[in-house]
Amino acid sequence: MRTLVYMTIAGALAISGCNIGAKYTVGGTLTGLAGQGLVLEDNSGNDLSVDSNGGFAFTDGLRNGDAYSVTVKTQPSDPAQTCTVHNGSGTISKADVTNVIVSCTQGGRFAYVANQLSNNLSAYTIDADGALTAIAGSPFAAAGTAPASLTVDPNGRYLYVVDSDSNDVSVYTIDNSTGALAIAGTPSATGSGPYAVAVDPRDAYLYVTNLASNNVSAYAIDSSTGLLTELAGSPFGVGTQPTSLKIDANGNYLYVANFSGSVAVFAIDPATGSLSAIPGSPFGAGAGAQSLVIDPTGTFAYVANETAATISEYSINASTGALTAVSGSPLATVTSPESLAVDPAGRYLYAANVTAQNRIVAYSITPSSGVLAATGAPVGAGTLPISLAIDPAGQFAYAANDNSGDISAYAVDSTTGTLSFIGNFAAGNKPRSIAID
């Protein structure tokens with residue numbers, strides 16, 4: 001009997017000893033979830049069902065030095081969505097892991113356009129064939145003056161709009177059923193001449209380029225209301241005439257294109273949202289750097305240089321955020337490129353106003369190098385296509401035409417990346433930016 005008790009206790013100690021030191025957790029942030037049944041797993045065995053956006057953490061602990069690898073085991077349904085993991089693998093280093101990002105997307109539901117001169121926002125539902133139908137109540141009056149750029153937060157709850165004449169950024173709630181907009185709170189002050197806006201993939205911070213004051217304003221986002229609070233240290237100096245900005249899918253770096261011909265790169269402090277320039281920044285671009293995009297994997301970056309009539313191509317150092325020009329960069333475009341967009345799979349880049357005025361060209365992205373190669377024939381757009389957007393499912397592309405006051409819609413061939421014209425849809429006076437929810 002004593003021997004049996006001893007063996008039982010010893011066995012229990014051996015089992016518990018396997019978990020000694022397993023005190024660190026793996027977790028992060030989930031955004032964009034609308035469906036049901038999402039299951040994540042860590043190291044092909046530690047399953048976690050997640051049913052709401054926000055923070056998550058696996059229940060099983062890991063020891064210091066253990067490897068972790070977060071993947072999607074079951075994708076959501078009703079509606080069907082595709083969820084992608086970023087910052088999903090690594091090794092425990094004497095701390096909990098909190099920076100895993102899981103982003104869920106579905107087919108585009110709504111499109112929003114900032115009409116600068118008519119001082120309002122056009123809103124549309126995206127039909128099954130990619131056509132746009134105006135939402136009841138559209139256009140919606142702008143909260144500020146001269147809306148110039150806009151973006152939807154990763155959870156699809158809020159629309160953020162920068163107003164170039166009133167020097168502020170406005171917040172609108174999005175009706176989940178209809179897509180209708182409602183002004184939320186009071187616009188937040190920016191620097192002078194706000195020009196572009198971006199939200200980080202955790203849905204925690206928002207950044208605005210200020211063209212006239214040569215800096216970037218930074219804000220924390222209230223997760224309950226969508227309203228903004230300016231961060232300590234904001235605004236941050238970035239370069240001369242910052243036009244465009246993007247954040248990599250891992251949420252580690254902010255890239256800012258300066259019209260004077262450079263790209264400034266900043267590390268984002270995940271705890272505070274503060275920005276600090278990385279070594280080597282700024283990196284050279286062409287004259288009139290107007291639009292900047294990053295592929296979904298964070299491997300390549302591209303800048304449309306309006307004055308130089310080129311597209312700069314870069315590889316991204318995943319560890320440092322630094323840019324290196326790829327072989328053959330910059331790519332000549334004949335005419336002045338105004339806007340760029342990358343499809344969700346990272347296979348194709350679309351450029352507006354290249355090879356000829358009022359044309360859009362598709363380029364294939366060479367996976368090994370990032371080099372661009374034109375594919376298919378150019379397609380026509382309206383007059384001065386100033387902003388491009390691809391729906392989250394990669395089915396449709398849209399161009400806001402600044403001088404013709406309309407939106408051009410295209411179907412995307414999933415095999416070749418080429419565009420087929422769907423139609424033009426009326427917008428307001430001087431549509432400057434388009435965003436898809």
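## Ground rules

The model is predicted, so local features need pLDDT of at least 70 and side-chain atom pairs count only at pLDDT 80 or more, while totals for chains, interfaces and linings use all residues. Residues are numbered from 1 along each chain as its sequence is written, and side-chain values use heavy atoms, with hydrogens and water left out.

## The chain as a whole

The chain has 1 helix and 40 strands (DSSP runs numbered from the N terminus: H or I of at least four residues for helices, E of at least two for strands). Its radius of gyration is 23 Å, close to the 22 Å that the globule rule gives for 437 residues, so the chain is as compact as a globular protein of that length. That radius is taken over C-alpha atoms, and the rule is 2.2 Å times the number of residues to the power 0.38. Along its principal axes, the C-alpha trace spans about 90 × 50 × 45 Å.

Of the 437 residues, 52% are buried (under 20% relative accessible area, with exposed over 50% and partly exposed in between, using a 1.4 Å probe and protein chains only). Among contacts (heavy atoms within 4.5 Å) between residues at least 6 apart in sequence, 49% join residues at least 24 apart.

## The disulfide

How many disulfides does a search of the whole structure find? It finds 1, where a disulfide is a pair of cysteine sulfur atoms within 2.5 Å. The link joins Cys 83 to Cys 104, with an S to S distance of 2.1 Å. It is right-handed, with 105° about the S-S bond.

Cys 83 lies in strand 6 (residues 82-86) and Cys 104 in strand 8 (residues 97-105), so the pair ties together parts that are 21 residues apart in sequence. Cys 83 counts as buried at 5% relative accessibility, and Cys 104 also counts as buried at 5%.

## The second largest pocket

Now for a pocket: an open set of points on a 1 Å grid over the protein atoms alone, where a 1.4 Å probe fits, with protein on both sides within 12 Å along at least five of seven lines.

Lining residues, which have an atom within 4 Å of a point, include Thr 29, Leu 30, Thr 31, Arg 157, Arg 202 and Asp 203. Strand 1 (26-31) and strand 4 (54-57) are the elements giving two or more residues to this lining, and strand 1 gives the most, with 3 residues. The lining divides into 2 nonpolar, 7 polar and 3 charged residues; Ala, Val, Leu, Ile, Met, Phe, Trp, Tyr, Cys and Pro count as nonpolar, Asp, Glu, Lys and Arg as charged, and the others, Gly among them, as polar.
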